[in-house]
Amino acid sequence: MNHILLLQFDLLKYFLMAEAVMSILCFLSFGVDKWLAVKRKRRIRERTFHLWMWALGAPGGLLGMNLFRHKTAHASFWISAVLALAVQFALAWGIVAIAYR
């Protein structure tokens, strides 16, 4: 029984570490793209932002959108980020719920 609980907490730990890394990358990508937009340089594709937000980067994506005031006028970014965040929260909640069963 304790081994299963430890495995669940290891899974949660790795999930949260992956989410932190992807969130940092997603956050930085919004900042870089904003800088590229100001400099009128080649930009990061919008689908790349969506992909990174769904690949566990939603918290950083939302923070980057707001802090850099970038892509905030696009409803698709808000919808994608909020849905991705909800799914990621549900995954983390599910891992914890299974661990305490």
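This is a predicted model: local features need pLDDT of at least 70, side-chain atom pairs count only at pLDDT 80 or more; totals for chains, interfaces and linings use all residues.
View 1. Look for both residues in helix H1, three residues apart, which is about one turn of the helix. Asp10 is partly exposed too, with a relative accessible area of 32%.

**View 2. A salt bridge between Arg43 and Asp33.** Here the side chains of Arg43 and Asp33 meet, with 3.1 Å from N to O. This pair links distant parts of the chain: Arg43 sits in the loop between H1 and H2, while Asp33 belongs to helix H1, ten residues apart. Is each partner buried or exposed, or something in between? Arg43 is partly exposed, at 37% relative accessible area, whereas Asp33 counts as buried, at 0%.

**View 3. A salt bridge between Glu46 and Lys71.** The structure holds three salt bridges, and this one joins the side chains of Glu46 and Lys71 at 3.3 Å, N to O. Glu46 lies in helix H2 and Lys71 in the loop between H2 and H3, 25 residues apart, so the pair links distant parts of the chain. Glu46 is partly exposed, with a relative accessible area of 36%; Lys71 is buried, with 11%.

**View 4. Phe49 and Phe77, an aromatic pair.** Five aromatic pairs occur in the structure. How do the rings of Phe49 and Phe77 sit? Their centres are 6.1 Å apart and their planes stand at 70 degrees, so the pair is edge-to-face. It links distant parts of the chain, with Phe49 in helix H2 and Phe77 in helix H3, 28 residues apart. Phe49 is buried, at 0% relative accessibility, and Phe77 is buried at 0% as well. Together with Phe30, these two form one aromatic cluster.

**View 5. The largest nonpolar core.** Eight residues make up this core: Cys26, Phe30, Phe49, Met53, Leu62, Met65, Phe77 and Ala81. Helices H1 (2-38), H2 (46-67) and H3 (75-99) each give two or more residues, and H2 gives the most, with four. Apart from this core lies another, of six residues, including Phe15, Met22, Ala92 and Ile95. In soluble globular proteins, nonpolar side chains tend to be buried together.

**View 6. His50 and the residues it touches.** His50 lies in helix H2. Why does His50 count as buried? Its relative accessible area is 19%, and buried means under 20%. Among the residues that His50 touches are Ser76 and Ser80, and Phe77 is another.

Terms used. Residues are numbered from 1 along each chain as its sequence is written. Side-chain values use heavy atoms; hydrogens and water are left out. A nonpolar core is a set of buried Ala, Val, Leu, Ile, Met, Phe, Trp, Tyr and Cys residues joined through side-chain atoms within 4.5 Å. Buried means under 20% relative accessible area, exposed over 50%, partly exposed in between (1.4 Å probe, protein chains only). Contact means heavy atoms within 4.5 Å. Rings of Phe, Tyr and Trp (its six-membered ring) pair if their centres lie within 6.5 Å; planes under 30 degrees apart count as stacked, over 60 as edge-to-face and the rest as tilted. A salt bridge is a side-chain nitrogen of Lys or Arg within 4 Å of a carboxyl oxygen of Asp or Glu. Lists of a residue's contacts leave out its neighbours within four places in sequence.
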